[in-house]
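Please keep the sequence and the 3D view open while reading.

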Amino acid sequence: MDGLTARLTGKDKLLVLALMSGTSGARRALCVFEKQQRYDLKLSLSTFLEMLCQKAISPGNLSEPILPRPLVCLFPVAFKRNVLSFLRLVNQVLPQTRVVQLLECLSKDPRQDHWVTALIGQLQRDMGSLRDVPLYTASCSQRLKMISERLKDTGRNEGWAKYFTETKRNSQSGRDVLEKQKKRKSSSMTPDTEVESTRQHKRMKMDMSSVEERLGAYPHGSFTSEEPVLMERECDLPKVESGGPSTSNLWDNLPENTKASVPQIKELLGCQSEWDQGSTDVFKVLNECDSAQVELLCGMLNLADTPEETLPKLCSCLLALSPELSYSAASAVIKSLLLGKILCLLEPASRCLVAAVTSLSSQYPRAACHALIRPILQEENLGTQQAELINRLIGDCLEPHYNLLVFQMTFTIVWSESMLSIIHSLLDSKLDIDEKHFSSFIAQLVSQAPQFIKSMKYAKMMLTVLTKYSIHVTASHKPSLSHCLMLNQTFLKKSLQSAFKRITHE
């Protein structure tokens, strides 16, 4: 990684770091790029794309011939997927020539990946080429035709069937087999099994209609039946629990005054001047909605895109609400407003963001733990900036029993260096922990030890456990803790062993 990014500077390096951050890389890169554009309206991706196309030699790779290849080809597959998904999200502001050059480099990459190939085709189609190339492989076409046949009696005039009206009718034999199976099945049905079959058929129609709507809303691209269709901006849509009411039904059931408040709040969020008392009154509609309706409102208001300089005014209004927001409403607002901004951090959080996070977490600590802290801890690549923000909440905002709740969340999560700093902060907060939870923590501590044998953070955390929490260490814990100490390869090993020997049991 360091060898590949050595030639990068400033803004380009921030983009690369975002694109390297796991499955959420494309979304994080978009956040970074949008922030950069706010400071530089003339910002272009041309230099970034040109850099990715420059020839380079893979550092330290002795398993392959030493031949110069485009820099983008030397990155991991996950980076290639993320950069192509990111380019699709910002397609309207892309320098077309550079994009074509990048796609040519990836197309000639000897290490081909089906997902990358599909995304290349999608980008080419977005730019106007490959219009005559089918959207699907022959195998995928066959399967989708069979599904389309099942959807014929759903009453929908549009759907997947329209994609296949101009293709050859080469799946008749497969349909005949299905019809025969259906007839044999229907002739052997009892009344009970027929009712159950009808229910399953209805569920299948509903599920396929949902898939059809989502595919219809997504830009067409080349994909096969084995390749997932990427929908990077799915997180921007308001979520509704499966089996619950549809978005349109939720909107129809909203009170009229709530519907009328949506344009008022949108106008307020875009206002640069000071807000008055009337501004707080507008947000009272959040107390008039259930949790699903609050989620819908947050999505319609695009709270995730609220400028950070607007956060202090918005939070002041939310904190002034009387009565306070319910747990479910506060969870929906905190998650929509803050989670995306925190996950995208690649540099220290701004004062506005820190103020918003700390004020809302102090007012609604339970909602903050479940809707904000838990998702951050579960991130595959927890960053330093996210960890520092959580440490601030642990030290300044959360009461001891909420710190204990966060501590318990770490028992089932794979640890990283950033996670270790959070756990150390929790231990320093003098947790009032019982025997059951301490034993669960020791089990996790032992299971994670092999990957941190040279980690100073892990060693310091162990030292805290053996000194400040020695009263909780029982005889049953000692064998596993002794094994951890044997693995340790830091200069604190002697201090750890001394602290361990001082623990006695009556």
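In this predicted model, helix α20 (residues 400–409) packs with helix α21 (residues 417–428) at an angle of about 145°. Their axes are 10 Å apart, and α20 passes α21 in a left-handed crossing. On the α20 side the contact is made by Asn403, Val406 and Phe407; on the α21 side it is made by Ile423, Leu426 and Leu427. Sorted by class, the contact of α20 with α21 has 5 nonpolar residues and 1 polar residue, with no charged residues.

Lysine 430 has a positive phi of about 60°, although it is not a glycine. Is this residue buried or exposed? Its relative accessibility is 70%, so lysine 430 counts as exposed.

The table lists their spans.

| Helix | Residues | Number of residues | Span, first to last C-alpha | Expected span |
|---|---|---|---|---|
| α17 | 351–363 | 13 residues | 18 Å | 18 Å |
| α6 | 96–107 | 12 residues | 16 Å | 16 Å |

For α17, the span is close to the value expected at 1.5 Å a residue. The buried residues of α17 are Leu353, Val354, Ala356, Val357, Thr358, Leu360 and Ser361. These buried residues pack against four helices: α15 (311–319), α16 (327–343), α18 (365–377) and α19 (384–396).

For α6, the span is likewise close to that expected at 1.5 Å a residue. Its buried residues are Val99, Leu102, Leu103, Cys105 and Leu106. They cover an arc of only 155° around the axis, and therefore lie on the same side of α6. What covers the buried residues of α6 includes the helices α3 (46–53), α4 (71–74), α5 (77–89) and α7 (114–126), together with strand β2 (69–70).

Helix α15, one of the partners of α17, also holds cysteine 317. Why does cysteine 317 count as buried? Its relative accessibility is 5%, and the cut-off for buried is under 20%. Leaving aside neighbours within four places in sequence, cysteine 317 is in contact with Trp275, Ser279, Thr280 and Phe283. The C-alpha atoms of cysteine 317 and aspartate 281 are separated by 8.2 Å, and these two residues are 36 residues apart along the chain.

The loops on either side of α15 each have a backbone feature to note. Most residues other than glycine have a negative phi, and most peptide bonds are trans. Asparagine 302, in the loop between α14 (291–300) and α15, is not a glycine, yet has a positive phi of about 55°. Asparagine 302 has 41% relative accessibility and so counts as partly exposed. In the loop between α15 and α16 is proline 323. A cis peptide bond joins serine 322 and proline 323, with omega at about 0°.

For the protein as a whole, there are 25 helices and 2 strands. The protein has 506 residues, of which 43% count as buried. Among contacts between residues at least 6 apart in sequence, 75% join residues at least 24 apart.

How values were computed: Residues numbered from 1 in each chain as written. Predicted model: local features only at pLDDT ≥ 70, side-chain atom pairs only at ≥ 80, totals over all residues. Heavy atoms only, no water. Axes fitted to C-alpha atoms, helices over the stretch in contact; angles between N-to-C directions. Left-handed = near helix turned anticlockwise from the far one by under 90°. Contact = heavy atoms within 4.5 Å. Nonpolar A, V, L, I, M, F, W, Y, C, P; charged D, E, K, R; others polar. Expected span 1.5 Å × (residues − 1). Buried < 20%, exposed > 50% of the residue type's maximum accessible area, 1.4 Å probe, protein only. Arc of directions from axis to C-beta.
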